[in-house]
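Subject: Structure handover

Hi,

Here is the structure for you to look through. My notes on what was found in it follow below.

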Amino acid sequence: MAYSSNNWYDTIQISKGSLAGVAVGNAVITPDGVVGKVVETGPTWSIVSTILNPDNAMGVKVSRTSDVAVVEGDSELYSQNYCKMTFIDKGSNLIIGDILETSGSGGIYPAGLSVGVIREINSDAMGNLNYATVEPLVDFNKLYEVLVINGTY
């Protein structure tokens with residue numbers, strides 16, 4: 001596995017490609033949670049855009065409450081290995097420490113995969129939720145092996 005030279009955890013290269021059945025759009029995970037999705041593939045290699053990448057977004061569900069939202073990479077947070085949760089319903093009752101899992105919407109990630117933990121909740125002056133800071137459960141500093149999920153969901 002190799003990291004991109006421009007942004008350390010933005011993309012990674014894995015040593016399996018189309019000859020091994022890997023295709024663009026496949027989900028990439030570890031036992032800890034979601035890493036990202038395949039965005040490019042060759043015969044013996046693939047490029048994975050991680051969940052820290054500002055071009056990435058996925059539907060999530062809060063395990064405790066079943067509230068749904070979107071987790072996306074953020075250009076200011078990814079250097080801290082964080083991403084952001086947006087499109088949060090006004091009635092959501094989020095708390096720091098809530099666990100997020102994939103919702104299954106969008107056809108890339110099956111429902112129920114671990115994504116991250118809410119570390120900070122950011123509200124405006126009226127108390128409306130703007131976004132939540134999410135710490136991925138995958139430790140990108142210690143990422144050596146991944147599993148590619150073939151198929152659509």
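From the N terminus on, the elements of the protein chain run β-β-β-β-β-β-β-β-β-β-β-β. That is twelve strands and zero helices. Both are DSSP runs numbered from the N terminus: helices are H or I with at least four residues, strands are E with at least two.

This is a predicted model: local features need pLDDT of at least 70, side-chain atom pairs count only at pLDDT 80 or more, and totals for chains, interfaces and linings use all residues. Residues are numbered from 1 along each chain as its sequence is written, and side-chain values use heavy atoms, with hydrogens and water left out.

**Overall**

The protein chain has 153 residues, and 44% of them are buried. Buried means under 20% relative accessible area, exposed over 50%, partly exposed in between (1.4 Å probe, protein chains only). The accessible surface comes to about 7700 Å², with 50% of it from carbon and sulfur atoms. Areas come from the Shrake-Rupley method with a 1.4 Å probe; for residues, only the protein chains shown count as cover. Take the contacts between residues at least 6 apart in sequence: 52% join residues at least 24 apart. Contact means heavy atoms within 4.5 Å.

**Core**

The largest nonpolar core has 33 residues. Such a core is a set of buried Ala, Val, Leu, Ile, Met, Phe, Trp, Tyr and Cys residues joined through side-chain atoms within 4.5 Å. V71, M85 and L100 have the most contacts inside it. Strands that each supply at least two of its residues include β4 (34-41), β10 (114-123) and β11 (129-136). Beyond four places in sequence, the contacts of M85 include V60, V71, L100, I118 and Y131.

D74 is in the loop between β7 and β8. Is D74 buried or exposed? D74 counts as buried because its relative accessibility is 14%. Its side chain makes a polar contact with the side chain of K84 (3.2 Å). A polar contact is a pair of N or O atoms within 3.5 Å; within protein, one must be able to donate a hydrogen and the other to accept it, and residues adjacent in sequence count only if both atoms are side-chain atoms. A polar atom of the D74 side chain also lies 3.0 Å from the backbone nitrogen of L77.

The charged end of K84 sits over the ring of Y131, 4.6 Å from its centre. The cut-offs: NZ of Lys or CZ of Arg within 6 Å of the ring centre and within 35 degrees of the ring normal.

Best wishes
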